[in-house]
Amino acid sequence: MNDLLNNLFWILIFPGFVFTVTCGLLAGWVVRKVTALVHHRIGPPLLQQGYDVMKLLGKETLIPEAAQKVVFIAAPLAGMSGALVLATLLWRNNFATNIPYLGDVIVALYLMAIPSLALILGSSASASPHAAIGASREIKLVISYELALVLALIIVIIKAVGNSKVTGSPLYLSSLAAVTPVFSISGMLAFLVAILCVQAKLGYVPFDAAEAETEIAGGILIEYSGALLAIWQLMQTILLIAFPLFLVTVFMGGFDAGTVSALLLSIGKYVLVLVLLILIKNTNPRMRIDQVMKFFWYYCGPVLGFAIVLAMLGNAYGLGWL
Amino acid sequence: MSWKLWSLKKSPWVFHVNTGACNNCDIEVVNCLTPKFDVERFGIKLVGTPRHADALLVTGVVTRQAAPRLIRAYQQTPKPCVVFAIGACACNLGIFRKGYHVVGPVDKILREVDPNAIIAYVPGCPPKPEAMISGVIKALGAI
Ligand code: SF4
């Protein structure tokens, strides 16, 4: 019983829903503000993201007549739950390192795919041709970046195997959080590709072909309105915390909140990743879906293959910087 | 005031419907989003579908072809929503008054389907971006 209450507290209050959503709304504001600064604009007020979600919750929710209603309503909930569990898992792994097993990188990989799958399901259920195009693009997007992301994670795992500091299985998130692969050539390459994968997972330019407001009018989300759209927004908000946090955990030595200086350093890491994402978002045009696929498979794939060889050589000869 | 209306005023998302404008009003609408006017300061955002919108910016006279589309776009917008008739044409037909293809100004068409539609008028040919921003703020203050 106590365990159950504890788990519920983790998922719903801290570090789950309440905490992550609060941070995520702030991060969402940072995204819009930095975007505005890049455009030489002033940008929205601090609480804008919160107003948006609040307004959407208060609006009428329209459900298209031809839609598959159960899936249409369940998809946002499923997506948000997936994002929530992912965020909780990552935070717990970083905060409570004394717990031996709390999900490994494979679990995180599966959880990270749930929001995209929910988007695909929801948009296919909405019976709109634009949403269908959006869904098919999202499927192709998933196929494109999953391969690159898995390859990048393999490099991290190889690095963890070669590191004497790692005590548990090298697949555990807590042991991956103990190493910092970015300080090596192969790890850096993997990090660069992984940040692009996260860009695609968040649906940011240049990989926003599935949403493409100017082209297919919001694509996957086109038929959603009111409270259901608010849930999608909350999911995006949580993901905006979870994905950069995943990169920080896996590549940059984890999010350590033990002392004040460590906490500031960790927040710095998170903000660094976030700002990188925003700058990529604001300096690139949207890519066509076939270009995205080519980019991830033909360009990122071989680079990562090369990096894997480097990482293994580094392990074999004890050269940490390779 | 209820929290619903309060938050609506804080983040009005707008959808742009062109029902037969000469394109000049449209250019001025887009102008509002540029760094000079930056309506994102007020939380105003241009969205791609009426389902996400809280306000419809209608420009131009309503032509015979556009009337049923305007009505459908209005019905697809979740309520509460505000309709802005932007420009002399949308408000009262302007220079296209005697056109063979014109069915009427925006308010007449919308009132036929929804007598309680909230409609705000921003006259001008085309209205200045400043006029549009002040129109939006005034209309939001009035509801
Ligand atoms: S009001 Fe003037 S500028 Fe606007 S659509 Fe009509 S004629 Fe064009």
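**Entry 1. Salt bridges overall**

I counted salt bridges over all chains and found nine in the structure. I note here that this is a predicted model. Between chain B and chain A the count is six salt bridges.

I then looked for linked bridges. Arg32(A), Arg41(A), Asp52(A), Asp38(B) and Glu40(B) form a network of salt bridges.

**Entry 2. Asp38(B) and Arg41(A)**

The side chains of Asp38(B) and Arg41(A) form a salt bridge at 3.0 Å, N to O. This pair crosses between chains: Asp38(B) sits in the loop between α2 and β2 of chain B, and Arg41(A) in the loop between α2 and α3 of chain A. I checked burial for both residues. Asp38(B) has a relative accessible area of 2% and is buried. Arg41(A), at 13% relative accessibility, also counts as buried, because the cut-off is under 20%.

**Entry 3. Lys55(A) and Asp54(B)**

I went on to another bridge, between the side chains of Lys55(A) and Asp54(B), at 2.7 Å, N to O. It too crosses between chains, from helix α3 of chain A to the loop between β2 and β3 (55–59) of chain B. I found both Lys55(A) and Asp54(B) buried.

**Entry 4. A bridge inside chain A**

I looked up Glu146(A), which forms a salt bridge with Lys201(A); the closest N and O atoms are 3.2 Å apart. The two residues are 55 residues apart and link distant parts of the chain, with Glu146(A) in helix α6 (residues 129–161) and Lys201(A) in helix α8 (residues 185–202) of chain A. Lys201(A) is buried, its relative accessible area being 8%.

**Entry 5. Helix α3 of chain A**

Is Gln48(A) buried or exposed? I read a relative accessible area of 1%, so Gln48(A) is buried. The residue lies in helix α3 (residues 48–58) of chain A. Leaving out residues up to four places away in sequence, I listed its contacts as Arg32(A), Lys10(B), Ser11(B), Phe42(B) and Gly43(B).

I then took the helix as a whole. Eight of the 11 residues of α3(A) are buried, so the helix is largely enclosed by the rest of the structure. Among the buried ones are Tyr51(A), Asp52(A), Val53(A) and Leu56(A). The cover over these buried residues includes α2 (17–38) and α10 (226–251) of chain A, together with α1 and β1 (13–18) of chain B.

**Entry 6. The contact between chains B and A**

I turned to the whole contact, which takes 31 residues from chain B and 29 residues from chain A. The buried area is about 2,400 Å², with 55% of it from carbon and sulfur atoms. In chain B, the residues losing the most area to chain A are Glu40(B), Arg51(B) and His52(B), together 26% of what that side buries.

Arg51(B) also meets Glu223(A) in a side-chain salt bridge at 2.6 Å, N to O. For polar contacts I counted 17 residue pairs between chain B and chain A, both residues at pLDDT 80 or more. On the side of chain B that touches chain A, α1 (3–10), β2 (45–46) and α3 (66–76) each supply at least two residues. The largest share, six residues, comes from α1(B). I sorted this side by class and got 12 nonpolar, 10 polar and nine charged residues.

**Entry 7. The ligand**

Which residues are around the ligand? I listed Ala21(B), Cys22(B), Asn24(B), Cys25(B), Gly87(B), Ala88(B), Cys89(B), Gly124(B), Cys125(B) and Pro126(B). Helices α2 (24–31) and α4 (87–92) of chain B each supply at least two residues of this shell. The largest share, three residues, comes from α4(B). By class I have seven nonpolar, three polar and no charged residues in the shell.

How values were computed:
Residues are numbered from 1 along each chain as its sequence is written. Chains are lettered from A and ligands numbered from 1 in the order in which they are written. This is a predicted model: local features need pLDDT of at least 70, side-chain atom pairs count only at pLDDT 80 or more; totals for chains, interfaces and linings use all residues. Side-chain values use heavy atoms; hydrogens and water are left out. A residue is near a molecule or strand if one of its heavy atoms lies within 4 Å of it. Helices (H or I, at least four residues) and strands (E, at least two) are DSSP runs, numbered from the N terminus. Ala, Val, Leu, Ile, Met, Phe, Trp, Tyr, Cys and Pro count as nonpolar, Asp, Glu, Lys and Arg as charged, and the others, Gly among them, as polar. Contact means heavy atoms within 4.5 Å. Buried area is the accessible area (1.4 Å probe) that two parts lose on being put together, summed over both. A salt bridge is a side-chain nitrogen of Lys or Arg within 4 Å of a carboxyl oxygen of Asp or Glu. A polar contact is a pair of N or O atoms within 3.5 Å; within protein, one must be able to donate a hydrogen and the other to accept it, and residues adjacent in sequence count only if both atoms are side-chain atoms. Buried means under 20% relative accessible area, exposed over 50%, partly exposed in between (1.4 Å probe, protein chains only).
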